[in-house]
Amino acid sequence: MTKDFHMHPQVVLAPDRFDAFAAQAIARGIGEVCITDHMPLSTSHAGDRIPAGRVSDYCRTVRKITEKYAGTLSVKLGIEIDYHPDFTDEIESVLRAGDFDFVLGSSHMHVGQCDIFRLVSTRNEYAEAALQNTLLAAQSGYFHAISHLDMYRWIFTLPKRFPLQDDGYALEKHWPAIERVLHAISENGLWMEINPHLAIIQGSLSGMYPERDIVARALEMDIRCCYGSDAHTAEHVGEMLCELRQHPVYGKALKEWEEEA
């Protein structure tokens, strides 16, 4: 079954907004999706976040959507959790508020009180800090999957917004940290997400999260990989799935995901 388990239709404020996401999923032959709007954060009020105090409303809304599409499209209740050690109380409060089918763990080091730019000044420093946070997320016991493992690459494409010194980021400089993250994912039985968000922006599979070599190493370790489009608009639901299926590494990584009923 073709599945997309990462999307942000912002259903609390506009439940009908999901209809366009569903239509795109069905048009692309996707049989199951998971709605994963971002958890509330007291220090961040981005539009793709569940409004503060409304996690229970969010869960009820998604379950109603599930009923609405029964027999047409399988819709799961998920959430994207911004992991940081300082967010532990907020994370646990959110998880108590809903019986989630799928919980994505993310490292968004630029939000809220974890504003890492007070502590790092270069791209390599930022990548190392993000990977350390992702390691802690994988060890936390909160998640079913780790999302966009190397999302720090997106940060590097926005130098005016995120002022980091370009000190020659290269994947090989961070391989020990990446190995630690992969081992934590494996040891805790988590999925590793294949995510096209940056690839869509760049128009190339070279922008896929994670980078090809990370996925190849994950396959060597028998880590299971899942797919999530990270769609914030309906047009991106299921994006790049055709290209990924034909790719020698990403296609192999997603084979088990798509074969699992």
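**View A. I81 and its bridge partner in β4.** I81 bridges to G105 in β4. This is a predicted model, in which local features need pLDDT of at least 70, side-chain atom pairs count only at pLDDT 80 or more, and totals for chains, interfaces and linings use all residues. Residues are numbered from 1 along each chain as its sequence is written, and side-chain values use heavy atoms, with hydrogens and water left out. Strand β3 (residues 74–82) and strand β4 (residues 102–106) pair in the parallel sense over five bridges (strands pair if DSSP finds at least two bridges between them; strands are DSSP E runs of at least two residues and helices H or I runs of at least four, numbered from the N terminus).

View B. Seven parallel-paired strands make an open sheet, ordered β1-β2-β3-β4-β5-β6-β7. β1 (3–4) and β7 (224–227) sit at the edges with a single partner strand each, so one side of each has no neighbour in the sheet.

**View C. The two sides of helix α2.** Look for V55, Y58, C59, T61, V62 and I65: these are the buried residues of α2 (buried is under 20% relative accessible area, exposed over 50%, partly exposed in between, with a 1.4 Å probe and protein chains only). They cover an arc of only 165 degrees around the axis, so they fall on the same side of α2 (the arc is taken from the directions from the helix axis to the C-beta atoms). K64 and E67, on the other side of α2, are exposed. The buried residues of α2 pack against α1 (18–27), β2, β3 and α3 (88–96), where contact means heavy atoms within 4.5 Å.
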